[in-house]
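Please look at the model shown below and follow this report alongside it.

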Amino acid sequence: MLAVTATTATQPTISQLKTILIVEDDPMMQLGLQHILNRQPHLTVVAQAVNGNEAVSATLQHQPDIVLMDIDLPGIDGIAAAQQIRAALPHTRILMLTHHSNPTQVMAALSSGAHGYCVKGTNAEQLLAAITAVQEGGSYLDPKIADCVLQNLKTPPPDSYANDDIKLTEREMQVLQQLVEGKSNKQIAAQLGMSVHTAKGHVEMIIAKFEASDRTQAAVKALRLGLV
């Protein structure tokens, strides 16, 4: 069970409030997550689902900002549910929270369109940090598995294309490095001394050059090619 830690913050405006759908079939885990998330002034749990089919239906109904989802679910699993959610609502952010920690499972989750991957047993502070990273447009990879996964990603698959096929400017390479680290457009702009609009433009160009569907897939391809 996740440890509960109280946090304090100023009361957010309606536009700042982020909605979350919890997808978890363990009743005790559901209660723990709901208790943690509802204590955060900028987050509100709008619904819960206990299987993959319910997850897709509830997401379409409530259109939450974030879906916090297990992988092992009755019916369709979390990976298949994430694929359907991303196809229907591409702006919804998906954070996986699961027992699985092997690189293959993580890659499957990220390839499905998930924006972050958190291992169950993490503390509340790390979970909230993961949610913050994902909601701000970045990505998140649990530190417990990051090294193993990154090494796996840096091994190019047999059918991968050559580095020469991707032509990035020096500035785009700087942005790509930040992108791989899971930074949001706002964080990239602050780090590299540019406007958020310019950072967003560079990210969109990188995604296009990698022929990726989103920033997470672009980061995965960059790591596979050993570009960062």
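In this predicted model, the axes of H8 and helix H9 (residues 196-209) come within 8 Å and cross at roughly 110°, and H8 and H9 are therefore roughly perpendicular to each other. The contact between them brings Asn 185, Lys 186, Ile 188 and Ala 189 of H8 together with Val 196, Ala 199, Lys 200 and Val 203 of H9.

Helix H8 (residues 185-192) also packs against helix H7 (residues 170-180), and here the axes come within 10 Å and cross at roughly 130°. That angle makes H7 oblique to H8, and the crossing of the two helices is right-handed. From H7, the residues Arg 171, Gln 174, Val 175, Gln 178 and Leu 179 meet Ile 188, Gln 191 and Leu 192 of H8. The two helix pairs are set side by side here, since two packed helices are described by the angle between their axes and the distance between the axes.

| Helix pair | Axes come within | Crossing angle |
|---|---|---|
| H7 and H8 | 10 Å | roughly 130° |
| H8 and H9 | 8 Å | roughly 110° |

Ser 184 lies in the loop between H7 and H8. Is Ser 184 buried or exposed? With a relative accessible area of 2%, Ser 184 is buried, because buried means under 20%. Leaving aside residues up to four places away in sequence, Ser 184 touches Glu 136, Gly 137, Gly 138 and Arg 215.

The report now turns to the sheet. Six strands, in the order E2-E1-E3-E4-E5-E6, form an open sheet with parallel pairing. Strand E2 (43-49) and strand E6 (140-141) stand at the edges with a single partner strand each, so one side of each is left without a neighbour in the sheet.

Strand E4 (residues 93-98) runs parallel to strand E3 (residues 66-69), and four bridges join them. Within this pairing, Leu 68 stands opposite Leu 95 in E4, while Met 69 stands opposite Met 96 in E4. The chain passes from E3 through H3 to E4, and this β-α-β crossover is right-handed. E4 also pairs with E5 in the parallel sense over four bridges, and there Cys 118 in E5 is the bridge partner of Leu 97.

Why is E4 largely enclosed by the rest of the structure? Six of the six residues of E4 are buried, so the strand is largely enclosed. In a regular strand the side chains alternate between the two faces of the sheet. Both faces of E4 are covered, with Arg 93, Leu 95 and Leu 97 buried on one side and Ile 94, Met 96 and Thr 98 buried on the other. Helix H3 (residues 78-88) lies across E3 and E4 and runs at about 175° to E4, whereas helix H5 (residues 124-135) lies across E1, E2, E3, E4, E5 and E6 and runs at about 155° to E4.

Most residues other than glycine have a negative phi. Gln 63, which is not a glycine, has a positive phi of about 45°; Gln 63 sits in the loop between helix H2 (52-62) and E3, and at 52% relative accessibility Gln 63 counts as exposed. Glu 211, also a residue other than glycine, has a positive phi near 55°. Glu 211 is found in the loop between H9 and helix H10 (215-224), and at 67% relative accessibility Glu 211 counts as exposed.

Definitions and conventions
Residues are numbered from 1 along each chain as its sequence is written. This is a predicted model: local features need pLDDT of at least 70, side-chain atom pairs count only at pLDDT 80 or more; totals for chains, interfaces and linings use all residues. Side-chain values use heavy atoms; hydrogens and water are left out. Two strands pair if DSSP finds at least two bridges between them. Contact means heavy atoms within 4.5 Å. Axes are lines fitted to C-alpha atoms, for helices over the stretch in contact, and angles run from 0 to 180 degrees between N-to-C directions. Buried means under 20% relative accessible area, exposed over 50%, partly exposed in between (1.4 Å probe, protein chains only). A crossover is right-handed if, with the strands pointing away from the viewer, the path from the first strand over the helix to the second runs clockwise. Angles under 35 degrees count as roughly parallel, over 145 as roughly antiparallel, 65 to 115 as roughly perpendicular and the rest as oblique. A crossing is left-handed if the near helix is turned anticlockwise from the far one by less than a right angle, and right-handed if clockwise.
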